[in-house]
Amino acid sequence: MTECRKCMQKEYQTECRKWMQKKYRGDVTAFLSLIFILLVTFIGGMMESASIQVAKNYRRTDTDRAMECVFAEYQKELLEEYDIFALDGSYETGHYAEENVTDRLEYYGQGGLEHKIEKIQFLTDNGCSAFLGQVSIFMEHKYGVDAVKDMLGTASVWGQQGERAEEYAKEEDSWKIHMDELLEENESELPEEDNPIAHIGQLKKSPILTLVLPGDQNVSEKRTDGLEMLEKRNRSHGYGRFPDAADENGKLSSLLFGEYLSDHFSDFTDTGHMGALDYELEYILAGKDSDRENLESVVRKILILRFVPNYAYIQTDSAMRAEAEAAAVTLCTLLAVPAITEAAAQGILLAWAYGESIMDLRSLLKGNRVPLVKSKESWQLQFSKLLTLGTDEDHSEGKDHENGLEYSEYLRILLFLSEKNTAALRTLGIMEQNIRKIHGQAYFRADLCISRMEVRSVCRLRRGIRYQFRTYYGYC
């Protein structure tokens with residue numbers, strides 16, 4: 001009986017063991033099946049994700065390529081003549097429409113993409129910042145930043161000249177008021193005869209070009225329609241804002257811009273120009289409708305610029321001051337008022353400095369050089385010839401000084417002192433007129449020239465997935 005029980009227990013244990021082994025195998029099989037299913041699902045998900053990402057990358061690459069192809073259609077004449085990249089946003093129609101650009105994107109890109117321009121910048125936007133940025137990059141590449149920085153010392157002197165010109169103008173006004181008050185108090189008048197002050201006063205009322213132009217030099221009579229010039233007409237504007245790099249050195253940027261203008265545009269001393277205006281730099285500085293008006297305006301600016309060092313020097317030359325004082329005594333003999341005599345001496349110095357400035361302009365417009373700072377050796381106008389200046393007896397011509405500056409270099413000074421954004425707008429205006437006239441592209445408009453653009457693109461991938469992304473491209 002005992003043996004039978006032992007056999008039954010042994011058999012029971014064996015059966016239990018078999019049952020447990022069978023159950024364990026089933027659980028392991030189910031667990032492994034679940035793991036396998038999860039692994040296959042994970043791999044499938046990874047493959048699907050990679051496939052979608054590849055599809056996205058293809059769409060981005062297609063759009064990048066399309067953008068590059070569109071911007072490769074830059075305005076050729078603008079680059080060849082002025083070293084500026086820009087895309088004609090009107091596509092030779094003279095009118096901007098977004099479809100002009102998006103149609104080209106679709107032409108160069110893959111199908112199934114919808115493009116919307118979210119940001120666009122023309123050359124004239126934000127104070128012509130895109131244009132000025134390209135100019136700065138081009139000039140830095142051409143000359144090197146270090147080479148241009150060496151010129152900053154000279155440029156600082158130009159800035160001081162401009163500031164002193166304003167001070168001397170105020171001083172001259174103060175002298176006039178003081179002189180008038182003295183004469184009124186003493187109920188007196190200065191004689192008109194042999195009076196250099198009165199003579200120069202009359203010359204100031206005369207057309208400046210008749211006083212300074214060489215006799216054999218003709219003035220261009222070209223004109224433009226002022227209302228059609230870029231500065232004065234209604235301009236197109238882009239939309240959206242792009243981050244512009246801060247102007248870290250305003251003087252350096254102005255100097256680079258001035259050098260660019262001198263390299264690419266003509267002035268009074270150049271010949272054989274076929275553009276809309278002959279005196280392009282003068283237009284950029286003055287913004288008038290005709291060559292004559294622009295030249296006259298610039299000549300007057302140089303006259304003021306030259307008056308500063310001339311008046312500064314004449315006050316330090318004791319011999320010249322003595323001549324002026326002697327002339328004042330002679331002029332005021334009948335008045336017998338010392339204060340008037342002293343004021344007249346100062347007025348004669350002012351008149352003499354102005355006369356010297358006229359002589360300087362004759363030198364410059366003749367192609368000669370005039371030093372920025374005067375000395376006894378470089379002074380041109382003798383006091384004895386001051387009264388005949390601008391009369392039929394005047395046959396004086398300007399001299400050439402080896403270490404002086406030419407007319408074009410004085411224009412550089414004026415460009416450096418001018419308001420950069422206004423000069424940039426006028427520059428683009430003269431570019432526009434030249435491309436229209438010389439190259440026959442009457443549709444061309446600088447305010448439709450695209451410099452930068454950002455596009456939002458939307459595409460539909462498989463299984464209804466909608467993917468959108470932005471693409472940027474710019475010339476600077």
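Helices H7 and H13 cross in a left-handed manner, meaning that the near helix is turned anticlockwise from the far one by less than a right angle. The model is predicted: local features need pLDDT of at least 70 and side-chain atom pairs 80 or more, while totals for chains, interfaces and linings use all residues. Residues are numbered from 1 along each chain as its sequence is written, and side-chain values use heavy atoms, without hydrogens and water.

Two packed helices are described by the angle between their axes and the distance between the axes. H7 covers residues 196-205 and H13 residues 338-366; their axes are 9 Å apart, at an angle of about 40 degrees. H7 is therefore oblique to H13 (angles under 35 degrees count as roughly parallel, over 145 as roughly antiparallel, 65 to 115 as roughly perpendicular and the rest as oblique). Contact means heavy atoms within 4.5 Å. On the H7 side, Pro-196, Ile-197, Ile-200, Leu-203 and Lys-204 take part, and they meet residues of H13 including Ala-344, Gly-347 and Tyr-354.

How many disulfides does a search of the whole structure find? The search finds 0, a disulfide being a pair of cysteine sulfur atoms within 2.5 Å. Cys-128 is buried at 2% relative accessible area, whereas Cys-69 is partly exposed at 26% (buried is under 20%, exposed over 50%, partly exposed in between, with a 1.4 Å probe and protein chains only).

Asp-83, in the loop between H2 and E1, has a positive phi near 60 degrees without being a glycine. Glu-92 has a positive phi of about 65 degrees and is exposed, at 58%.

Notes
Axes are lines fitted to C-alpha atoms, for helices over the stretch in contact, and angles run from 0 to 180 degrees between N-to-C directions. Helices (H or I, at least four residues) and strands (E, at least two) are DSSP runs, numbered from the N terminus.
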